[in-house]
Amino acid sequence: MGPQPKPAPARLKGKLVTTDKSECTWSVTGNDLLTLRVTCQKGVSRFSCEYNARPSICPQYSSKAELYWKQMARALKKQQSLCQESNVPIKAGLCRRAAKDAHFRLSHVQEKTSTPPPPTQPEPRAVKSCQDDNMKRAEEYCSNSWSSVCLFFFTMVQDSDC
């Protein structure tokens with residue numbers, strides 16, 4: 001009796017950086033029909049999609065599943081337009097000549113979203129010193145002995161914009 005085919009892994013996942021510098025995570029779910037879910041972020045932009053395939057129809061998949069998934073991760077990394085082109089299959093080299101259904105094809109795309117940039121702090125304004133103006137007022141309205149107290153009050157009451 002020949003070797004028994006290995007069941008598809010219940011859950012596989014990984015991380016990668018694409019050629020356009022998008023940071024992505026991927027995960028695989030399913031038994032016969034596998035769903036490859038990819039979520040990427042590039043700057044403030046975020047997008048995700050799903051690919052479907054039946055790699056079990058590729059004869060080499062059952063005997064070399066680990067190699068197959070390493071090749072799939074490399075193929076994902078090399079994609080020029082991940083989650084954009086539905087007519088471009090993602091193939092593992094191990095199964096490149098297998099039936100069409102053995103290759104992952106784009107099945108669902110989630111809209112791109114942009115996360116809002118973090119709120120920026122208002123730039124600190126240059127503080128305009130009113131010390132000279134307040135000193136003149138203190139000397140004008142108060143006697144010399146009280147000028148320092150008057151200066152304090154004028155400075156405290158004055159708006160920071162003077």
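This is a predicted model: local features need pLDDT of at least 70, side-chain atom pairs count only at pLDDT 80 or more; totals for chains, interfaces and linings use all residues.

Me: OK, what's the secondary structure pattern along the sequence?

Reply: β-β-β-β-α-α-β-α-α, which comes to four helices and five strands. Those are DSSP runs numbered from the N terminus: helices are H or I with at least four residues, strands are E with at least two.

Me: And what share of the residues is buried?

Reply: 31% of the 162 residues. Buried means under 20% relative accessible area, exposed over 50%, and partly exposed in between (1.4 Å probe, protein chains only).

Me: Switching to aromatics: how many pairs are there?

Reply: Five. Rings of Phe, Tyr and Trp (its six-membered ring) pair if their centres lie within 6.5 Å; planes under 30 degrees apart count as stacked, over 60 as edge-to-face and the rest as tilted. Trp 26 and Trp 69 are stacked, because their ring centres are 6.3 Å apart and their planes sit at 15°. That pair links distant parts of the chain, 43 residues apart: Trp 26 is in strand E2 (residues 23-29) and Trp 69 in helix H2 (residues 65-78).

Me: Are those two Trp residues buried or exposed?

Reply: Both Trp 26 and Trp 69 are buried. There's also an edge-to-face pair, Tyr 61 with Tyr 68, at 4.8 Å centre to centre and 80° between the planes. Tyr 61 is buried at 3% relative accessible area, and Tyr 68 is buried too, at 1%.

Me: Which residues do the ring pairs link into a cluster?

Reply: Trp 26, Tyr 61, Tyr 68, Trp 69 and Phe 104.

Me: Last one: what does the side chain of Thr 35 make a polar contact with?

Reply: The side chain of Asn 52, at 3.0 Å. A polar contact is a pair of N or O atoms within 3.5 Å; within protein, one must be able to donate a hydrogen and the other to accept it, and residues adjacent in sequence count only if both atoms are side-chain atoms. Thr 35 itself is in strand E3 (residues 34-42).

Notes:
Residues are numbered from 1 along each chain as its sequence is written. Side-chain values use heavy atoms; hydrogens and water are left out.
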